Amino acid sequence: MSKLLYLEGAGGISGDMTVAALLDLGADRNKLHAVLASLNLEGVQYRISRKKSYGLEGCDFDVVINEPDHHDHPGHHEPHAPHEHPGHPEPHAHPGHHEHHEPHGHHEPHEHRNLADVYKVLDRGEMTDRARELAHKIFRIVAEAEAKAHGCGIDEVHFHEVGAVDSIADIAAAAVLADDLEISECIVTGLTEGTGVVRCQHGELPVPVPAVLNIAQAYRIPLRPSEVKGELVTPTGIAIAAALRTRDTLPGSFLVEKVGIGLGKRDFGRPNLLRAMILRETEPKG
């Protein structure tokens, strides 16, 4: 019988929240460590912990990028404090996020990676072919959305160094953990988004940000507006949902085998979390 993953999306979605929710479902932490170590992302550390958001307990996955001269490898030790970006529910902006993507030519080339460069990093990771294919798919979804937003070719989309490294960690982790859970189908009925604007290096952008809107449009993922001020759905989060999604409705009858809760980083005045569930379809009685 197929294993169904349900990404509820009532509280939005981001890359780190998805990774945390998959870990909470029981995905293998050793595989997570192996892939992050094998990517050789300089200065990247991570922390997995149990926390609460407005009384609800869940898993927190925190990627921290240290200064370039810090040579620690990914691990569970205490990292340096993350630098939060205004309006973003994660410690670092992710690929496709407005403050870190530019069409070619705005900054020095060594500060950016294009999609081919990102693929090269992913390809050195210790993961199955299925997980690598999924990671490639997620990044391509983000790059396509950014290319449309900027009016440029997909190869012209450049990922800012910090945003790219942070996102490579989240996307590779999500792909490996989803593969480890042997997910055959994924249900995403819709995602709750906030309102207002978010600040970026070029000023303010409305929520949902352009990349999120483009992915929602391309993959027919419903967005549910809420009164929350801020960005609940990030480009990385909706890209993971789009890459995994095989169904848009819940079964008529099902059992919940397991619930995983991934916590976000921002305080929105309400629980900031993603619930992921393993479901088993059941035949209706009668």
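Arg-132 is buried, with a relative accessible area of 17% (buried means under 20%, exposed over 50% and partly exposed in between, using a 1.4 Å probe and protein chains only). Arg-132 forms a salt bridge with Asp-129, their closest N and O atoms being 3.7 Å apart; a salt bridge here is a side-chain nitrogen of Lys or Arg within 4 Å of a carboxyl oxygen of Asp or Glu. Because they are three residues apart in helix α4, Arg-132 and Asp-129 are separated by about one helical turn. Asp-129, at 63% relative accessibility, counts as exposed.

## About the model

This is a predicted model, where local features need pLDDT of at least 70 and side-chain atom pairs count only at pLDDT 80 or more, while totals for chains, interfaces and linings use all residues. Residues are numbered from 1 along each chain as its sequence is written, and side-chain values use heavy atoms, leaving out hydrogens and water.

## The overall picture

Let's step back to the whole protein. There are seven helices and 13 strands; these are DSSP runs numbered from the N terminus, with helices being H or I of at least four residues and strands E of at least two. Of the 286 residues, 57% count as buried. Among contacts (heavy atoms within 4.5 Å) between residues at least 6 apart in sequence, 76% join residues at least 24 apart.

## Salt bridges across the chain

The count of salt bridges comes to 15. One of them joins the side chains of Lys-265 and Asp-60, at 3.1 Å from N to O. This pair links distant parts of the chain, 205 residues apart: Lys-265 lies in the loop between β12 and β13, and Asp-60 in strand β3. Both Lys-265 and Asp-60 are buried. They also belong to a network of salt bridges that links Asp-16, Lys-51, Asp-60 and Lys-265.

Another salt bridge brings together the side chains of Arg-247 and Glu-281, at 2.8 Å from N to O. Here too distant parts of the chain are linked, with Arg-247 in the loop between α7 and β12 and Glu-281 in strand β13, 34 residues apart. Arg-247 counts as partly exposed at 22% relative accessibility, and Glu-281 is partly exposed at 32%.

## A look at Asn-214

Asn-214 sits in helix α6, which covers residues 210–218. With a relative accessible area of 13%, Asn-214 is buried. Leaving aside neighbours within four places in sequence, Asn-214 is in contact with Ala-145, Lys-148 and Ala-149.
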